[in-house]
Amino acid sequence: MAKSKTDLKSLKPATRLVSTARDFSEHGIVSPAVYHASTILYPTYQALKEHKQTYQYGRRGTPTSRSVETAIATLENGFASKVAPSGLAAITTTLLSFLKPGDHILIPDNIYAPARAFCDNVLKNWSIDVEYYDPLLGGAISAFMRATTRIVYCESPGSQTMEVQDVPAIAEVARKAGALVVVDNTWSGGHYFNVFAHGGDISVQAATKYIVGHSDVMMGSVTCSEETWPRFKEGYETLGQFAGPDDMYLTLRGLRTIDVRLERHMRSALKIADWLKGRPEVEEVLYPALPGALGHEIWRRDFTGASGLFSVVLKPQSEAALGAFLDGLELFGMGYSWGGFESLCVPFKPNRTAKPWTRQGSCLRFHIGLEDPDDLKADIAAGFDRLKLAS
């Protein structure tokens, strides 16, 4: 029999993830059913007038959505969660739920590029004042706060350049100013960083990544504190957000195994990052779990683990050499996602407006999948051989 929510709090995280949301299952079946629903019937005219029954309309929730949302709230240690059809939808719905014309929002300069585009192309056009800040400011963000600041947004670590933000210091400043702290928690999968224990108010994720874990579903999640939940829930429902039932089912299936998957991603990534640190072609490894890397001290203080995503800055080389490295990779695919079982490698150029990016070499972002790390190292080493020949 599934444990109650109160009982779950006494269990270790891995056990909670297996046990949570099991009360949505029926007939002794382990996993909750997939409900494909639009119309939901009311038994009486009185029930129709009252609108108090648990399920009222497909978009307003089904046992399938309730199960995955309950599980994500358990994962994130939050009050309640909602899912959206993508990570970007989770971000945009959150911002639209709490901002109005004339408000001011602080955005880290390393923000996920599609979220930056939304801020520049939508929020600014709606007379919301968007200001970018150096993600390493910490408590010094107090100099940027205004009477109209409503949200301080964080992405920690940044999904390309891996800056770890001092969320507790930022949250202390924001709380005094009456602003909310929204954290993109995708890198940790919600499993290795507790947004709420570190002062944040809302956690957003591209659940597409580590929660789903199999590169086959687009999904976003928003987890709120008790204080922020009513306003977010209203905004979410007003904007008509929801996600498909089959995608929600696969999201819950992936979440059940996030503990063991992330541990494997982390162990392999640490091995490969440490090996890359000693390669002559590499200028710097950007992976906060690596001792000596930028942000390591804050990561060690605030996180309980690391994922498989990190970046490297290569020593300067030609475009032809970079192409030779990438085109011959056999185990690393080139694709703009991460968090799945497969390894990926993509080049990127940081977009900065608050503080210039000064490193001269090309940047590569690696996602270390579930393959054997020795095979992955051999694939990268062969790529470096091609890079040398093309230089």
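Mentor: A residue is buried when its relative accessible area is under 20%, and exposed when that area is over 50%. Keep in mind that this is a predicted model.

Trainee: Which residues of helix 6 are buried?

Mentor: Helix 6 spans 113-123. With the under 20% cut-off, five names come out. They are Ala115, Arg116, Phe118, Cys119 and Leu123.

Trainee: Why do the buried residues of helix 6 line one face?

Mentor: An α-helix has 3.6 residues a turn, so residues three or four places apart point the same way. Look down the axis of helix 6. The buried residues line one face because they fall within an arc of 155°.

Trainee: Which exposed residues sit on the face of helix 6 turned away from the buried side?

Mentor: The buried side has partners: its residues pack against helix 5, strand 2 and strand 3. The face turned away carries exposed residues. They are Ala113 and Asn121.

Trainee: Which elements give two or more residues to the lining of the largest pocket?

Mentor: The largest pocket holds about 580 Å³ of space. Its lining has 36 residues, and the closest to the centre are Tyr112, Ala113, Pro114, Ser159 and Arg365. The elements that give two or more are helix 5 (87-98), helix 6 (113-123) and strand 10 (344-348).

Trainee: What kind of aromatic pair do tryptophan 187 and phenylalanine 303 form?

Mentor: The whole structure has ten aromatic pairs. In this one the centres are 5.7 Å apart, with 80° between the planes. Planes over 60 degrees apart set the class. The pair is edge-to-face.

Trainee: How many residues apart in sequence are the parts that this pair ties together?

Mentor: Tryptophan 187 lies in the loop between strand 5 and strand 6. Phenylalanine 303 lies in the loop between helix 11 and strand 9. Both residues are buried. The parts they tie together are 116 residues apart.

Trainee: Is the pair of tyrosine 287 and phenylalanine 310 stacked, edge-to-face or tilted?

Mentor: The ring centres lie 5.2 Å apart. Stacked needs planes under 30 degrees apart, edge-to-face over 60. Here the planes are at 45°, so the pair is tilted.

Trainee: Are tyrosine 287 and phenylalanine 310 buried or exposed?

Mentor: The cut-off for buried is under 20%. Tyrosine 287 has 0% relative accessibility, and phenylalanine 310 has a relative accessible area of 0%. So tyrosine 287 counts as buried, and phenylalanine 310 is buried.

Technical notes. Residues are numbered from 1 along each chain as its sequence is written. This is a predicted model: local features need pLDDT of at least 70, side-chain atom pairs count only at pLDDT 80 or more; totals for chains, interfaces and linings use all residues. Side-chain values use heavy atoms; hydrogens and water are left out. On a 1 Å grid over the protein atoms alone, a cavity is a set of points where a 1.4 Å probe fits but cannot get out, and a pocket is an open set with protein on both sides within 12 Å along at least five of seven lines; lining residues have an atom within 4 Å of a point. Grid points are joined across faces, edges and corners, and a volume is the space filled by probe spheres set on the points. Helices (H or I, at least four residues) and strands (E, at least two) are DSSP runs, numbered from the N terminus. Buried means under 20% relative accessible area, exposed over 50%, partly exposed in between (1.4 Å probe, protein chains only). The arc is that of the directions from the helix axis to the C-beta atoms. Contact means heavy atoms within 4.5 Å. Rings of Phe, Tyr and Trp (its six-membered ring) pair if their centres lie within 6.5 Å; planes under 30 degrees apart count as stacked, over 60 as edge-to-face and the rest as tilted.
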